[in-house]
Amino acid sequence: METDATAAVELRAVTKRYGSMVTALDAIDARFARATFTAVMGPSGSGKSTLLHCAAGLDRADGGEVTIDGTPLRGLSERALTRLRRSRVGFVFQAFNLIPALTAEQNVVLPLRFAGRRPEPGAVAAMLAEVGLTDRAGHRPSELSGGQQQRVAIARALVTRPAVLFADEPTGALDARSGAEVLRLLRAAVDRHRQTVVMVTHDPVAAAHADRVLFLADGRVVDDLTGPVGAEKIAVHTARLEEATR
Ligand SMILES: Nc1ncnc2c1ncn2[C@@H]1O[C@H](COP(=O)(O)OP(=O)(O)OP(=O)(O)O)[C@@H](O)[C@H]1O
């Protein structure tokens, strides 16, 4: 049985290479405990998205071991990996990635259908209510603002109650107010539902909502601040790292 001592996600000496020239992840060790919110930061090209994709099982590591919710990914067939991802992992992207032809409600139901689960009565409505979109359930993405679309995407990612939610620049395309609302929802997933959030961001204000900030440079973890860490301190750290890797 999984307990709180089991990390939601663990990476041990994870390496990912692209061709013979690029080592995007260089033997990374990282552990994301249950019910924690981690921001992943670092200069452009430092490996943040690659880390997220490998940790979420969207991409295979070339070396090392990734464990999601107690299950090592190595040795899983593509089918078993997809099944694990569908039940234990949620993903939110900068560009929302909703299906344009489907309503908000239909977008939110989709992961349950993919996982072969019949939605419990009221579950999708409750999820939409949680993100404040009850009155937009029948709207298509083109009829929603960016902030509303991202809230649908969060409802879609959380509807299966995954152990871990990965978010790649979830506030990158939003104004400050919509961004703050998205961060509040991610925080609630951690505080209220004991889910684990791992979020890539360039924004120190967004990162300040996390419990911990992991800094990458050249495919390695170079700093690990546990919080609460203020936006100003994060901004200073970011500037220093960018200067050092220029
Ligand atoms: N599909 C790919 N093929 C080849 N190289 C890649 C590929 N994806 C990423 N890379 C390289 O791997 C390194 C890490 O890329 P990654 O996208 O993880 O960085 P990042 O920190 O997320 O950057 P950004 O902040 O600019 O999004 C970079 O040098 C990048 O050019």
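**Entry 1: the ligand.** I began with the residues around the ligand, and they are Tyr18, Val22, Ala24, Gly42, Ser44, Gly45, Ser46, Gly47, Lys48, Ser49 and Thr50. A residue counts as near a molecule here if its C-beta atom, placed from the backbone, lies within 6 Å of it. I sorted this shell by type and got three nonpolar residues, seven polar and one charged. For that sorting, Ala, Val, Leu, Ile, Met, Phe, Trp, Tyr, Cys and Pro are nonpolar, Asp, Glu, Lys and Arg are charged, and the others, Gly among them, are polar.

**Entry 2: ground rules.** I am looking at a predicted model, where local features need pLDDT of at least 70, side-chain atom pairs count only at pLDDT 80 or more, and totals for chains, interfaces and linings use all residues. Residues are numbered from 1 along each chain as its sequence is written.

**Entry 3: who supplies the shell?** Which element gives the most to the shell around the ligand? I found that H1 does, with three residues. Strand E2 (22–32) and helix H1 (48–55) each supply at least two residues of that shell. Helices (H or I, at least four residues) and strands (E, at least two) are DSSP runs, numbered from the N terminus.

**Entry 4: the sheet with E2.** I followed E2 into an open sheet of four strands, in the order E2-E1-E4-E5, with antiparallel pairing. Its edge strands are E2 and strand E5 (71–72), each pairing on one side only. Two strands pair if DSSP finds at least two bridges between them. Between strand E1 (residues 9–18) and E2 I noted seven bridges in the antiparallel sense, and glutamate 10 stands opposite arginine 31 in E2.

**Entry 5: the other sheet.** Six strands form an open sheet in the order E6-E7-E8-E3-E9-E10, and the pairing is mixed. Strand E6 (89–93) and strand E10 (220–226) are the edges. Strand E9 (residues 212–217) pairs with E10 in the antiparallel sense over six bridges, and leucine 214 stands opposite aspartate 224 in E10.

**Entry 6: helices across it.** I saw helix H6 (residues 176–191) lying across strands E3 (37–41), E7 (164–168) and E8 (196–200), at about 150° to E8. Helix H8 (residues 231–245) lies across E3, E9 and E10, at about 10° to E9. Contact means C-beta atoms, placed from the backbone, within 7 Å. Axes are lines fitted to C-alpha atoms, for helices over the stretch in contact, and angles run from 0 to 180 degrees between N-to-C directions.

Definitions and conventions:
Contact = placed C-beta atoms within 7 Å.
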